[in-house]
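Here are a few notes to read alongside the model. Have the structure open as you go through them.

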Amino acid sequence: GLFRGERESAPLSDRGTVQRWLRELHRERNQQLLVHRRWGTIGAVADGRNPVSVILHDGEKSWFATAPGAADDQELTGDQVEHILLDALTAGSPPQWPDWHYLI
């Protein structure tokens, strides 16, 4: 297959660009959107096969997000993914509203 990589960056204050990137992120594509903060990195990941996932890595451990009370395999909606990533732009700690599940 053809490999193509693109890398863009924006300041944390540029919510509009992050929203545009999130709206262009589709499960059919192999893309990642990462928000790097002093407390860790949150990423929205589309792997081309599965629903878009949100992953948190604190430098040692990783977790995936689900909506509060949802089953582990229930996919997040586009609005929920956007909410988590936009919250991460200004949060002093990892966003607390989703349920975080430890990744092995």
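1. Searching the whole structure turns up 3 salt bridges. Keep in mind that this is a predicted model.

2. Let's start inside helix α1. Glu24 pairs with Arg20 in a salt bridge, with 3.6 Å between the closest N and O atoms. Both residues sit in α1, 4 residues apart, or about one turn of the helix. That spacing makes sense, because an α-helix has 3.6 residues a turn and residues three or four places apart point the same way. Glu24 is partly exposed at 37% relative accessibility, and Arg20 is also partly exposed, at 38%.

3. Next, Glu82 and Arg23: their side chains form a salt bridge at 3.1 Å, N to O. Glu82 belongs to helix α2 and Arg23 to helix α1, so this pair ties together parts 59 residues apart in sequence. What about burial: is Glu82 buried or exposed? Glu82 counts as buried, since its relative accessibility is 13% and the cut-off for buried is under 20%. Arg23, by contrast, is exposed at 54%.

4. The remaining pair is Asp47 with Arg49, whose side chains meet at 3.8 Å, N to O. Asp47 is partly exposed at 26% relative accessibility, while Arg49 is exposed at 65%.

5. Back to α1, which spans residues 15-24: Thr17, Val18, Trp21 and Leu22 are buried there. They span an arc of only 135° around the axis, which places them on the same side of α1. As for partners, the buried residues of α1 pack against β1 (30-37), β2 (40-47) and α2 (78-90).

Methods:
Residues numbered from 1 in each chain as written. Predicted model: local features only at pLDDT ≥ 70, side-chain atom pairs only at ≥ 80, totals over all residues. Heavy atoms only, no water. Buried < 20%, exposed > 50% of the residue type's maximum accessible area, 1.4 Å probe, protein only. Helix = DSSP H or I, 4+ residues; strand = E, 2+ residues; numbered from the N terminus. Arc of directions from axis to C-beta. Contact = heavy atoms within 4.5 Å. Salt bridge = Lys/Arg side-chain N within 4 Å of Asp/Glu carboxyl O.
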